[in-house]
Amino acid sequence: MLLARARLLLVTAWAGSLWTVGYLVAPTLFRTLSDSVLAGTIAGSMFRSEAMVSLVCGVALLVLLALAKDVDAQRKRLLMLVVAAMLVLLAVSSLGLGPMMAELKEAAPGGVMEAAARKQFGMLHGISMVLYLIQSVLAAVLVFKNPVAPITR
């Protein structure tokens, strides 16, 4: 029962952090701050922090799922596959796209990119957004498919 509750806590933390940073915090920064470069810098920092939360939650979930006795084999496979897919998407975004986008931003004097770099940044940012959306949908799958332990007193 304790492992099931720990799984639920990790799924909640992971999904909540993804949804809060991606769909509440980042858009609010761009709507609120007049300096879009500053908003992007802060959002980027928030996404890096969220990536660490995702990594910890994902790895811990894989361990807890491997130890789970209360989950049937088919559901366990599905949940482990979803977690693994989310971690792969995280790795592609954080280790692949993130550094490429950061390099383009660093090369821009005063935050102003030349047209070709701006186009490439926009393309990478778009891909990153799609991967994030897929992670968000997979997080919903985790929320709905994770067996919940009954609350007892």
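Contact here means heavy atoms within 4.5 Å, and that is the sense in which Leu18, leaving aside its neighbours within four places in sequence, is in contact with Tyr23, Glu50, Ser54, Met86, Tyr132, Gln135 and Ala139. Welcome to a quick tour of this chain, which is a predicted model. The chain has four helices and zero strands, and along the sequence its pattern reads α-α-α-α.

**The chain as a whole**

- Along its principal axes, the C-alpha trace spans about 60 × 30 × 20 Å.
- The chain has 153 residues, and buried residues make up 35% of them.
- Its accessible surface comes to about 9300 Å², and carbon and sulfur atoms account for 72% of that.
- If you take the contacts between residues at least 6 apart in sequence, 76% of them join residues at least 24 apart.

- Leu18 is found in helix 1, and Leu18 is buried, with a relative accessible area of 0%.
- Leu18 counts as buried because its relative accessible area is 0%, and the cut-off for buried is under 20%.
- Glu50 is one of the residues in contact with Leu18; the two C-alpha atoms are separated by 6.9 Å, although the residues are 32 apart along the chain.
- Gln135 is found in helix 4 and also counts as buried, at 2% relative accessibility.
- Apart from neighbours within four places in sequence, Gln135 is in contact with Leu18, Met86, Leu89, Leu90 and Ser93.

**Helix 1 with helix 2**

- Helix 1 covers residues 2–32, and its axis comes within 9 Å of the axis of helix 2, with the two crossing at roughly 165°.
- That angle makes helix 1 roughly antiparallel to helix 2, because angles over 145 degrees count as roughly antiparallel.
- Helix 1 passes helix 2 in a left-handed crossing.
- By class, the residues of this contact divide into 24 nonpolar, six polar and two charged.
- Leu9 lies in helix 1 and is exposed, with a relative accessible area of 60%.
- Leu9 and Leu61 are 52 residues apart in sequence, yet their C-alpha atoms are 9.8 Å apart in space.

**Helix 1 with helix 4**

- Helix 4 covers residues 115–145, and it packs with helix 1 at an angle of about 145°, with the axes 9 Å apart.
- The crossing of helix 1 and helix 4 is left-handed.
- On the helix 1 side, the meeting residues are Val11, Trp14, Ala15, Ser17, Leu18, Trp19, Val21, Gly22 and Tyr23.
- On the helix 4 side, they are Tyr132, Leu133, Gln135, Ser136, Ala139, Ala140, Leu142 and Val143.
- The residues of this contact divide into 13 nonpolar, four polar and no charged.

**Helix 2 with helix 3**

- Helix 2 (residues 36–67) and helix 3 (residues 73–106) pack at an angle of about 155°, and their axes are 10 Å apart.
- Helix 2 and helix 3 are therefore roughly antiparallel to each other.
- Helix 2 passes helix 3 in a left-handed crossing.
- Helix 2 makes the contact through Gly40, Thr41, Ala51, Ser54, Leu55, Gly58, Val59, Leu61, Leu62, Leu65 and Ala66.
- Helix 3 contributes Lys76, Leu79, Met80, Val83, Leu87, Leu90, Ser94 and Lys105.
- By class, the contact of helix 2 with helix 3 has twelve nonpolar, five polar and two charged residues.

**Met80, on the helix 3 side**

- Met80 has its place in helix 3 and is partly exposed, with a relative accessible area of 27%.
- Not counting residues up to four places away in sequence, Met80 touches Leu62, Leu65 and Ala66.
- Met80 and Leu64 are 16 residues apart in sequence, with a C-alpha to C-alpha distance of 9.9 Å.

Methods. Residues are numbered from 1 along each chain as its sequence is written. This is a predicted model: local features need pLDDT of at least 70, side-chain atom pairs count only at pLDDT 80 or more; totals for chains, interfaces and linings use all residues. Side-chain values use heavy atoms; hydrogens and water are left out. Axes are lines fitted to C-alpha atoms, for helices over the stretch in contact, and angles run from 0 to 180 degrees between N-to-C directions. Angles under 35 degrees count as roughly parallel, over 145 as roughly antiparallel, 65 to 115 as roughly perpendicular and the rest as oblique. A crossing is left-handed if the near helix is turned anticlockwise from the far one by less than a right angle, and right-handed if clockwise. Ala, Val, Leu, Ile, Met, Phe, Trp, Tyr, Cys and Pro count as nonpolar, Asp, Glu, Lys and Arg as charged, and the others, Gly among them, as polar. Buried means under 20% relative accessible area, exposed over 50%, partly exposed in between (1.4 Å probe, protein chains only). Accessible areas come from the Shrake-Rupley method with a 1.4 Å probe; for residues, only the protein chains shown count as cover.
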